[in-house]
Amino acid sequence: GDVLVYLNAVEDPGNVGTIIRSAHALADATVVLGPGTADPYSPKAVRASMGSIFARPPARADLDALEGRKVALEVTAERELRDVEVTTPIVLVMGSERGELPAGVEGVRVPVHADSLNVAMAATVALYEVANRMAADG
């Protein structure tokens, strides 16, 4: 599809399921499971997905193999997501670790007033922004 959500070591199955649900609901997007990510078919993840896991089953792939512009939400990034041109395909890279971004991934931020957002909330906000922008561009 036009929008992919790549999960980089998202260890909490509730977050994995919630992201699958948001990806399906907001952008009809597919979630791609990277290394260190919780089992999306665990009971907790399936419950959190509210059935979206069956409508949009997640895929497994290396980040390098995915086509398109790759952006990751980073609290400290210079650019805001709303200032980034949304070209498709686009890959939203969501991770839990504070490490370096993988090569070829640009960091963007969503302005928040607290230190950070839970990864599932951050993914939902990013998906909403991307879907909105795609709709506006027609």
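Buried means under 20% relative accessible area, exposed means over 50%, and partly exposed lies in between (1.4 Å probe, protein chains only). The model shown is predicted: local features need pLDDT of at least 70, side-chain atom pairs count only at pLDDT 80 or more, and totals for chains, interfaces and linings use all residues. Residues are numbered from 1 along each chain as its sequence is written, and side-chain values use heavy atoms, with hydrogens and water left out.

**View 1. A salt bridge joins Asp12 and Lys44.** A salt bridge is a side-chain nitrogen of Lys or Arg within 4 Å of a carboxyl oxygen of Asp or Glu; here the distance from N to O is 3.7 Å. Asp12 lies in the loop between β1 (3–8) and α1 (13–27), and Lys44 belongs to helix α2 (residues 43–49), so that the pair links parts of the chain 32 residues apart. Helices (H or I, at least four residues) and strands (E, at least two) are DSSP runs, numbered from the N terminus. Lys44 counts as partly exposed because its relative accessibility is 41%; Asp12 is also partly exposed, at 30%.

**View 2. Arg69 and Glu106 form a salt bridge.** The N to O distance is 2.6 Å. Arg69 is in strand β4 (residues 69–73) and Glu106 in strand β6 (residues 106–108), 37 residues apart. With 22% relative accessibility, Arg69 counts as partly exposed.

**View 3. Arg69, Arg79 and Glu106 belong to a network of salt bridges.** Glu106 also meets Arg79, at 3.7 Å from N to O. Arg79 sits in the loop between β4 and β5 (90–95), 27 residues from Glu106. Seven salt bridges are found in the whole structure.
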